[in-house]
Amino acid sequence: MFALFFLACESTATDGTGFEGGNFQFTTIAVSDQCYDGAFETIFMPEGTPEDFENAIELPSYADLPQTYSIDIQDPFGSMEVTVEAGAQDDTMEVLGAAQTGVELDGEQWPGCLVDADIDIYLTITGENEVEGNAVLHTGSFDESSCPVVTNDPCDIKLDLTASRI
């Protein structure tokens, strides 16, 4: 795995302590998939343009951190348990090591290609109704006979994200 550098974004809040939780519409604005021949781009940005997640994602109030609960991202990912914690810097939250196993990468193009992923999410509170950040999917444990050729195993896929309160 390569090192991930988290860049804090300019924030309209002085610290995250006043951030109220709620449901947020997450949008993938960029995908860096250098290991699965662009397969994850077809999941998170199928048209090559920013793409909303199928399901709203709940974020807890900053005052309630840490908090553990289940979320649904979108197909082919199922429900997964996450623990949201305050990040090392003001105005940040993070989820480390959320796990998804046996995710079918692309049933039409690569039937039977199952992938395991540990997911790290880094978010910056940019306002009372907005967050932005990235997610890194650390993938591996795939069936070589059913999956696309990979550059590295394990391999990381990075998603750049924005989210707005709904």
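**Ile71.** I looked up burial for Ile71 first. Ile71 counts as buried, at 9% relative accessibility; buried means under 20% relative accessible area, exposed over 50%, and partly exposed in between (1.4 Å probe, protein chains only). The model is predicted: local features need pLDDT of at least 70, side-chain atom pairs count only at pLDDT 80 or more, and totals for chains, interfaces and linings use all residues. Residues are numbered from 1 along each chain as its sequence is written, and side-chain values use heavy atoms, with hydrogens and water left out.

I placed Ile71 in strand E4 (residues 67–72). Strands (E, at least two residues) and helices (H or I, at least four) are DSSP runs, numbered from the N terminus. Leaving out residues up to four places away in sequence, I found Ile71 touching Ile57, Gly78, Ser79, Met80 and Val82 (contact: heavy atoms within 4.5 Å). I also checked Ile71 against Leu59: 12 residues apart in sequence, 9.7 Å apart in space, C-alpha to C-alpha.

**Core.** Which residues touch the most other members of the largest nonpolar core? Of its 45 residues, they are Phe26, Phe40, Phe44, Leu59 and Phe77. Strand E7 (residues 110–127) gives the largest share of this core, 8 residues. A nonpolar core here is a set of buried Ala, Val, Leu, Ile, Met, Phe, Trp, Tyr and Cys residues joined through side-chain atoms within 4.5 Å. For Phe77 I listed contacts, again without residues up to four places away in sequence: Phe40, Ile43, Phe44, Gln100, Val103, Ile119 and Leu137.

**Rings.** I got 4 aromatic pairs. The rule pairs rings of Phe, Tyr and Trp (its six-membered ring) with centres within 6.5 Å; planes under 30 degrees apart are stacked, over 60 edge-to-face, the rest tilted. Phe26 and Phe53 have ring centres 5.9 Å apart and planes at 35°, so this pair is tilted. Phe26 lies in strand E1 (residues 22–33) and Phe53 in the loop between strand E2 (51–52) and strand E3 (57–59), so the pair ties together parts 27 residues apart in sequence. Both Phe26 and Phe53 are buried. Phe26, Phe44, Phe53 and Phe77 form one aromatic cluster.

**Charges.** I found 1 salt bridge (a side-chain nitrogen of Lys or Arg within 4 Å of a carboxyl oxygen of Asp or Glu). Lys158 and Asp160 make it, 3.7 Å from N to O. Lys158 is partly exposed at 27% relative accessibility, and Asp160 is partly exposed at 26%. The charged end of Arg165 sits over the ring of Phe19, 5.7 Å from its centre (rule: NZ of Lys or CZ of Arg within 6 Å of the ring centre and within 35 degrees of the ring normal).
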